[in-house]
Amino acid sequence: MSTPPTLTINVEFGGGLELLFANQRKYQLSIPVLIPPDTTATPPSGSAPPPILSKPADITFLIRYLKENHLKERPELFVEGETVRPGILVLVNDTDWELEGEGDYALKEGDEIVFISTLHGG
Amino acid sequence: MDAQLFKAGDRVAIGASGGKDSTVLAYVMKVLNERYQYGLELFLLSIDEGITGYRDDSLETVKRNKEQYQMPLKILSYEELYGWTMDAVVAQIGKKNNCTFCGVFRRQALDRGAMSLGVDHIVTGHNADDIAETVLMNIMRGDIARLGRCTAICTQGEDTIKRSKPFKYAYEKEIVMYAYFKKLDYFSTECIYSPDAYRGHARAFLKDLEAARPSAIIDIIHSGEAFEVREEVKAGQKAQQTCVRCGYMSSNAVCKACVLLEGLERGRPKAEIGD
């Protein structure tokens, strides 16, 4: 079986969020191109066939991926439900993700995704 | 700037914490002053509350800003003004309510710093989100006097230095974006003593409101501005006077900072016996 195709994307944290990610500002990640359509369902156990990979990986998937693989502490400061906590800015190639469909934005090879916390530093 | 905050020749102190808001404010003031020849003389004014691991680091940012923006910097500490660092205050009273001390002290400290610089005007980096939080807090606390004045872009008492908030309509988000794209050097760590502060609740509530209705922040500021305090209520409020101990403006015979200090001093012998 061949390995599923992946995309390389660059993720950057700012405004203090890097502290939750091992104090590392920049990550280069390889994530699957396609993910199961219902990403909330748990994979069936035993001999059941693997779920069909039919949906392109989007930012909602990326947020969950970051939380499961790289977030080191206080997850409540980064995620709330399926999305980021209110007050965290997300930029897709330097554009506010609100203009790009927010969590539904389908990731592309080489995308730069920036998460910036707006929490007080005053 | 419609509010006509500045006039040529003004000496203006920028309340600088090293955080995003004041860093962006200092940068924007410098750019506008040079580009449009406002003719202002700008200063950075920082208050060192004495919080190890927080303010000492953020003041390093302000010191870099001083070089980057070529502005004179004045740092005034709680320790020299009041004889207490916030570390010492928290050691005495705990983490609860310590923001009250810090807030009261800072307000006076900024005024005293501004006086020593001989400036006409203090500008602070309060943004739209901050003002909306304050409106909510004043409503929840039933603080009519503050509710009446917290949305004013510019406040000036009789013998206090003029203060203004040029970013009152600038969303926090815009400021963060600006700082990001301009690659400004700012400090971003939450104060180590503030997680339990009342403001945190107002802030979380406001962010949730904004998620449900994007115009919530500007709507709340508008409500705050539209609030008229009835004359009878105003008449019932205490007139402004000067503190009999330190001479600072006060709504009581002894100002809040002196009352708080007295409480701390009284507690001190106990703390010493405890050692």
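Start by selecting chain B and colouring by burial: buried residues make up 47% of its 275 residues. Buried means under 20% relative accessible area, exposed means over 50%, and partly exposed lies in between (1.4 Å probe, protein chains only). This is a predicted model, in which local features need pLDDT of at least 70 and side-chain atom pairs count only at pLDDT 80 or more, while totals for chains, interfaces and linings use all residues. Residues are numbered from 1 along each chain as its sequence is written, chains are lettered from A and ligands numbered from 1 in the order in which they are written, and side-chain values use heavy atoms, leaving out hydrogens and water.

**Chain B as a whole**

Switch to cartoon. Chain B has twelve helices and eight strands. These are DSSP runs numbered from the N terminus: helices are H or I with at least four residues, strands E with at least two. Now show the surface. Its accessible area comes to about 14,000 Å², and 53% of that belongs to carbon and sulfur atoms. The areas come from the Shrake-Rupley method with a 1.4 Å probe; for residues, only the protein chains shown count as cover. A contact means heavy atoms within 4.5 Å. Among contacts in chain B between residues at least 6 apart in sequence, 73% join residues at least 24 apart.

**The cores**

Select Ile116(A), Ile14(B) and Met29(B). In the largest nonpolar core, of 34 residues, these three touch the most other members. H1(B) supplies the largest share, eight residues. A nonpolar core here is a set of buried Ala, Val, Leu, Ile, Met, Phe, Trp, Tyr and Cys residues joined through side-chain atoms within 4.5 Å. In soluble globular proteins, nonpolar side chains tend to be buried together.

Stay on Ile116(A). Leaving aside residues up to four places away in sequence, Ile116(A) touches residues of both chains, including Leu89(A), Leu91(A), Val176(B), Tyr180(B) and Tyr186(B). Another core, of 33 residues, lies apart from the largest one; among its members are Phe43(B), Val89(B), Leu117(B) and Val119(B).

**Helix H8(B)**

Select residues 172-181 of chain B. The buried residues of H8(B) are Glu172(B), Ile175(B), Val176(B), Met177(B), Ala179(B) and Tyr180(B). Phe181(B) also belongs to H8(B), but is partly exposed at 41% relative accessibility. Just after the helix, Lys183(B) takes a positive phi of about 50°.

**Helix H9(B)**

Move to residues 198-212. H9(B) has 15 residues; at 1.5 Å a residue they should span 21 Å, and the end C-alpha atoms are 22 Å apart, which agrees. The expected span is 1.5 Å times one less than the number of residues. Colour Ala202(B), Arg203(B), Leu206(B) and Lys207(B), which are buried. They cover an arc of only 135° around the axis, so they sit on the same side of H9(B). That arc is taken from the directions from the helix axis to the C-beta atoms. The buried residues of H9(B) pack against helix H6 (128-141), H8 and helix H10 (216-226) of chain B. Turn to the face away from the buried side for the exposed His201(B), Ala211(B) and Ala212(B).

**Helix H5(B)**

Select residues 98-117. H5(B) has 20 residues and reaches 28 Å from its first C-alpha to its last, close to the 28 Å expected. Its buried residues include Phe101(B), Phe105(B), Leu110(B) and Leu117(B). Gly118(B) follows, with a positive phi near 65°.

**Cysteines**

The structure holds zero disulfides over all chains; a disulfide is a pair of cysteine sulfur atoms within 2.5 Å. For Cys243(B), the nearest cysteine sulfur, that of Cys246(B), is 3.7 Å away. Cys243(B) is buried, at 4% relative accessible area. Cys258(B) also has the sulfur of Cys246(B) as its nearest, 3.7 Å away. Cys258(B) is buried at 11%.

**Last stop: a loop**

Select Gln70(B), in the loop between H2 and strand E3 (73-77) of chain B. Its phi is positive, near 55°, in a residue other than glycine. Gln70(B) is exposed, at 61% relative accessible area.
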